[in-house]
Every structure is written in C-alpha cells, then in structure tokens.
Amino acid sequence: MINMNKEYVDKITLGDSRDHIPLLADNSIELFLSDIPYGISLDDWDVLHNNTNSALLGQSPAQVGKSAFKRRGKPINGWSQADRNIGLEYQQWCDDWAKKVLPKMKNGASLFVFGARRTIHRVVNAFEDSGFLLKDILAWKKGVAHHRAQRVSIVFDRRGLEAEAETWNGWRLGNLAPAYEPIAWFMKPYKIGGTIADNILEHGVGAMNVQDCQSNGASPTNILEFGFGKGERRIHEAQKPLRLIEFLIKLTTKEDQVVLDPFMGSGTTAVAATRLNRHFIGFEIAPGFHQAALQRLDIECGTSYTEVCQLFQTKLFEKPEEKYGELTNGCT
Ligand SMILES: C[S@@+](CC[C@H](N)C(=O)[O-])C[C@H]1O[C@@H](n2cnc3c(N)ncnc32)[C@H](O)[C@@H]1O
C-alpha cells in the first residue's frame, strides 16, 4: 500500500488536504486520525463558515483591549442569524472532505476524529452521511480545564441592582468546567454478509490491540487520560499530547500500516506514527505550521523531512510562497 501513495507517504504536504485526498490510492489507508478544525472560530484556520461578523475573531470596536472577550466572546444564543448558521455550514465543510476520504480507507478501518463538545454532532452527521459507521465517542480527559463563568451578582452590581445581585449571589453564567474533549470513533463498513474476522484476514484492520494499550494492568476504557509529557514542546494552540495520539495508533494499527492525518498542525500524528514504526500521510495548509511540523519531525525523530518535503513541494507548486504566502516559522 505504501508504494501506491509513494508521493505522499511519510511526508507532510503543504496545501489544502481537500485537493490532495482525491489523489490518494483507493483502499490504501489503515487509520484516519485527525484533530480537525472544530469550527468554533478558535483562530483564522478554524473559521469554516460564511459569517463575516467582525466580532467573531475579536475585531469589533467593542472588543478592542478586552482580551477575555476577544475570542468566542459571544453567547451561545448568537447575535444574528449568521451566528446560528455556523453549525450547519461546519457540517457541510466536514461532509465535503469526509466523502473524499471514504474510498481511500480500507474496509473495517478505524477513523478517530477529534471535535468540540458543541460541534461533534455535526462531524458525526457528516461522517454518517458520507458512509461511515459510528463506533463510539471517546472522551479525552484533559489535565487542565480553563474555565470562565461570569458571576451573575457582579453583572447586576455593575448595573446598580444591589438587591438582585444579593438574590443571585453564587450563580454564574456559562458552562461547567470543560474537563474532556470528544473523539468520534468511526469505522468504514465491511462487506455485508461478511464478518469482521473475515475482514481482518483480508484487510488487516478491524481489531483492537488491547494488550499493548493496557493502563496499570487493566484494559483501557473509553475515557482516555493523557497529558503532555515533561518537556513536550508546545507549538500549536490546538496541539494534542503525543501519548494520546500514540495510544490511538497503537490501539488500531500494526507496524508498517498507514495513518492519514489531513489536518496536521504541529505534526503530532506524524511524530507518533514514526516513533511507532507506522507510516503517515499528512497535510497542513498553513505554511508556518507546516514548517514547524517538519522541523519537529527532524528534531524528535531524527529525520531530514524539512529538506525532503521542501524539495517535494517545490516540485508540486512551482512557487509555494506565491500560493501560500511566505514560509515563516509558526512556533510560538
Ligand atoms: C486542530 S489543528 C491540528 C493540531 C494538531 N493536532 C497538533 O497536535 O498540532 C488543525 C490544523 O488544520 C489545518 N487546516 C485547516 N484547514 C486545512 C485544510 N483544508 N487542509 C490542510 N490543513 C488544514 C490548520 O491550519 C490547523 O493547523
């Protein structure tokens, strides 16, 4: 299978994955693992809808100088119909590329798709509509839960409503501390009338390696508790812990199989796959993150992908900087 995707295997290709996925060989991928944009407008790369409201990314005059209110400052209720269309437009975006992924996966292969608690149902709808089956929704239990829930009494105090502030003392606005993130686990269906055991024999996927994924001698559950390792370098604002990604790869693939991540960010999936002797195919649209991911691979896996991939890119797009802007280092 590796030869079928020769130009893409063990490379992070700079570009829009939606243009490249159709060029991959059919039935060639054993695992899809991606921390996709969540559609919550976390940053420019996460804006996947037509809402041009300037308040969305902290650009409205009312937000200037107010960092707490800068991003995702809007109430769930929204300020306009455009806010309420965001969910559906995000689903359409997912649907567009999920359909392209389907023929590339082997029958019975797993797909782990990271999402936000408030938008994961859109991912599930898009993937089901594209032909995948939902196996489970795993919970990644995060070490730290950043939380802001405004006190109602303070809001009323500011309005001079002393009695109301007293009545509502102890109440807050917003949500409970977000201690987990969902990971939707899908499977590409196998032949109707066949069995999963037949499928494992034919395609080499469909089972879980529980033995190698034990935690303290016990089988893993669907609550995954993994934090960043000591000294693990943080490059991307949405970066995931290496140990979490390694766990998911080990759980569902054997050595030499191929993992596809079309939204690589800082390259966590590529590093994890390489360390576990799996192959990877990766894409990243932002030149800064692309460059940072290549450098990370070189540093953490002793590769020379930075050089190899730049040569490859130059071949694909004659002047990559014209198409994607200057190649700058996106490390923060
Ligand atoms: C949530 S982040 C991934 C972070 C990653 N898990 C890590 O550990 O660093 C998603 C990434 O997808 C990239 N992206 C968004 N749309 C893309 C597209 N159409 N093709 C390729 N990459 C894209 C963004 O630039 C962003 O870096």
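A: Two residues are in contact if their C-beta atoms, placed from the backbone, lie within 7 Å. Helices (H or I, at least four residues) and strands (E, at least two) are DSSP runs, numbered from the N terminus. The model is predicted, so local features need pLDDT of at least 70 and side-chain atom pairs count only at pLDDT 80 or more, while totals for chains, interfaces and linings use all residues. Residues are numbered from 1 along each chain as its sequence is written.

The part in view is the packing of α4 (residues 86-101) on α5 (residues 120-129). Two packed helices are described by the angle between their axes and the distance between the axes. Here the angle is about 35°, and the axes are 8 Å apart. Axes are lines fitted to C-alpha atoms, for helices over the stretch in contact, and angles run from 0 to 180 degrees between N-to-C directions.

Now the residues. On the α4 side, the contact takes in Gly-87, Tyr-90, Gln-91, Cys-94, Asp-95 and Ala-98. On the α5 side, Arg-122, Val-123, Asn-125, Ala-126, Phe-127 and Asp-129 take part. By type, the contact divides into 6 nonpolar, 3 polar and 3 charged residues. Nonpolar covers Ala, Val, Leu, Ile, Met, Phe, Trp, Tyr, Cys and Pro; charged covers Asp, Glu, Lys and Arg; the others, Gly among them, count as polar.

Take α4 by itself. Its 16 residues should span 22 Å at 1.5 Å a residue; the end C-alpha atoms are 23 Å apart, which agrees. The expected span is 1.5 Å times one less than the number of residues. Which residues of α4 are buried? They are Ile-86, Tyr-90, Gln-91, Cys-94, Ala-98 and Val-101. A residue is buried if 20 or more other C-beta atoms lie within 10 Å of its own, exposed if 12 or fewer, and partly exposed in between. Tyr-90, Gln-91, Cys-94 and Ala-98 are buried, and these residues also belong to the contact with α5. The buried residues of α4 pack against α5, and also against β2 (29-35), α3 (81-84) and β3 (105-114).

Next, α5. Its buried residues are Arg-122, Val-123, Val-124, Ala-126 and Phe-127. Arg-122, Val-123, Ala-126 and Phe-127 also meet α4. What do the buried residues of α5 pack against? They pack against α4, β3, β4 (133-141) and β5. After α5 comes Gly-131, with a positive phi near 115°.

Pro-182 gives a view from β5, the strand in which it lies. Pro-182 counts as buried because 20 other C-beta atoms lie within 10 Å. Its contacts, leaving aside neighbours within four places in sequence, are Gly-115, Arg-117, Ile-120, Ile-137 and Ala-139. Ile-120 falls in α5, which covers residues 120-129. Pro-182 and Ala-116 are 66 residues apart in sequence, yet their C-alpha atoms are 6.4 Å apart.

Buried residues of α11 include Phe-289, His-290, Leu-294, Arg-296 and Leu-297.

Most residues other than glycine have a negative phi. Asp-10 has a positive phi of about 60°. Its place is in the segment before β1 (11-14). Asp-10 counts as buried because it has 21 C-beta neighbours inside 10 Å. Asp-256 has a positive phi too, near 75°. Asp-256 lies in the loop between α9 (242-252) and β7 (258-261). With 12 other C-beta atoms within 10 Å, Asp-256 is exposed.

Another loop residue, Ala-177, lies between α7 (162-167) and β5 (180-187). Ala-177 is exposed, with 12 other C-beta atoms within 10 Å. Not counting residues up to four places away in sequence, it touches Ala-145 and His-147. The C-alpha atoms of Ala-177 and His-147 are separated by 5.3 Å, at 30 residues apart along the chain.

Finally, the whole chain. The protein has 13 helices and 8 strands. Buried residues make up 33% of its 332 residues. Among contacts between residues at least 6 apart in sequence, 71% join residues at least 24 apart.
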